[in-house]
Structures are given as structure tokens and as C-alpha cells.
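Please keep the sequence and the model open while reading.

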Amino acid sequence: MNLNQVTIPALDLEKAVAFYQTLGLDLIVDALPNYVRFTCPDGNSTFSIHKVEELPQNSGTSIYFECDDLDEKVANLQDKGIVFDELPNDKSWLWREARLKDTANNQFYIMQERIE
């Protein structure tokens, strides 16, 4: 099997589109104000957002995007106004990651595999 897409909820899709385009995702389906879908700049995965009237509480979902140049990517995103909850740091599970939330308070990470 191949993962087709991950879909997350948001209250304001226009704000979400601007946020994820700033991260570097490409908008491929624009069905505003109810649905949008992006491709990731690397690989074949897609990422979508659907409009909800109320955000779920404590969903426990974590979303990971991977890149080869984490520190440079985070610095570039900070220059564009993206705020991180946790800056890049090495984890005991053998990768480096940065943590942030999107405009709908969805928790996600940008990570890079570490070479030991």
C-alpha cells in the first residue's frame, strides 16, 4: 500500500493555505472555502485540509515533514515569519526535529534523519 494523503481540519482555509505555501507545499486542489490539497516538494505524498466548524480537542495526531537541510529550512521559515515551538535539536530516536503548530493549532514537526 501507498499512503495517498493526510487530511487535517482547519477553521480558516485561506490562512492555512498561506501558511503551508510558506512552508513550500504546492497547492493542487483549490476548493475554497471547504477543501484544499497540496503536494509536497519531494516525493509523491499529498496533504489536504478540510474546513470544520469546530476544531477537535486533543486529537493526539502528529504530522512529520522530512527534509535534508533542517537547520537551513527552519532559519528560512523564521525569516518568513513562521514561529517554532521548539527549534531544531537532536533526539534520542536518531533524528533531528523542530516543532511548531499551524494556523489551526495542529501539531507538526519538520525532521531530518541523523547520520551517526
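## Terms and basis

Two strands are said to pair if DSSP finds at least two bridges between them. Helices (H or I, at least four residues) and strands (E, at least two) are DSSP runs, numbered from the N terminus.

The model is predicted: local features need pLDDT of at least 70, side-chain atom pairs count only at pLDDT 80 or more, and totals for chains, interfaces and linings use all residues. Residues are numbered from 1 along each chain as its sequence is written, and side-chain values use heavy atoms, with hydrogens and water left out.

## The open sheet

In β4, Ile49 is the bridge partner of Ile8. Strands β1 and β4 (residues 46–51) pair in the parallel sense, over six bridges.

These two strands belong to an open sheet of four strands, ordered β1-β4-β3-β2, in which the pairing is mixed. The edges are taken by β1 (5–10) and β2 (26–31); each has a single partner strand, so one side of each is left without a neighbour in the sheet. On average, and with direction ignored, neighbouring strands of this sheet are turned by 20 degrees against each other; the axes are lines fitted to C-alpha atoms, for helices over the stretch in contact, and angles run from 0 to 180 degrees between N-to-C directions.

## The chain as a whole

The protein chain has two helices and eight strands. Read from the N terminus, its elements follow the order β-α-β-β-β-β-α-β-β-β. Its radius of gyration is 14 Å, close to the 13 Å that the globule rule gives for 116 residues, so the chain is as compact as a globular protein of that length. This radius is taken over C-alpha atoms, and the rule is 2.2 Å times the number of residues to the power 0.38.

Along the principal axes, the C-alpha atoms fill a box of roughly 45 × 30 × 30 Å. Of the 116 residues, 36% are buried (under 20% relative accessible area; exposed is over 50% and partly exposed in between, with a 1.4 Å probe and protein chains only). Among contacts (heavy atoms within 4.5 Å) with a separation of 6 or more, 46% come from residues 24 or more positions apart.

## Helix α2

Which residues of helix α2 (residues 70–79) are buried? They are Leu70, Val74 and Leu77. Viewed down the axis of α2, these buried residues fall within an arc of 65 degrees, so they line one face of the helix; the arc is that of the directions from the helix axis to the C-beta atoms. An α-helix has 3.6 residues a turn, so residues three or four places apart point the same way.

The cover over the buried residues of α2 includes α1 (13–23), β6 (86–90), β7 (95–101) and β8 (107–113). Glu72 and Asp79 are exposed on the other side of α2. Gln78, also in helix α2, is partly exposed, with a relative accessible area of 37%. Beyond its neighbours within four places in sequence, Gln78 is in contact with Phe84 and Leu87. After α2 comes Gly81, whose phi is positive, near 95 degrees.

## Cysteines

The whole structure has zero disulfides (a disulfide being a pair of cysteine sulfur atoms within 2.5 Å). The sulfur of Cys40 has its closest cysteine sulfur in Cys67, 12 Å away, too far for a bond. Cys40 counts as buried at 14% relative accessibility, and Cys67 counts as buried at 12%.
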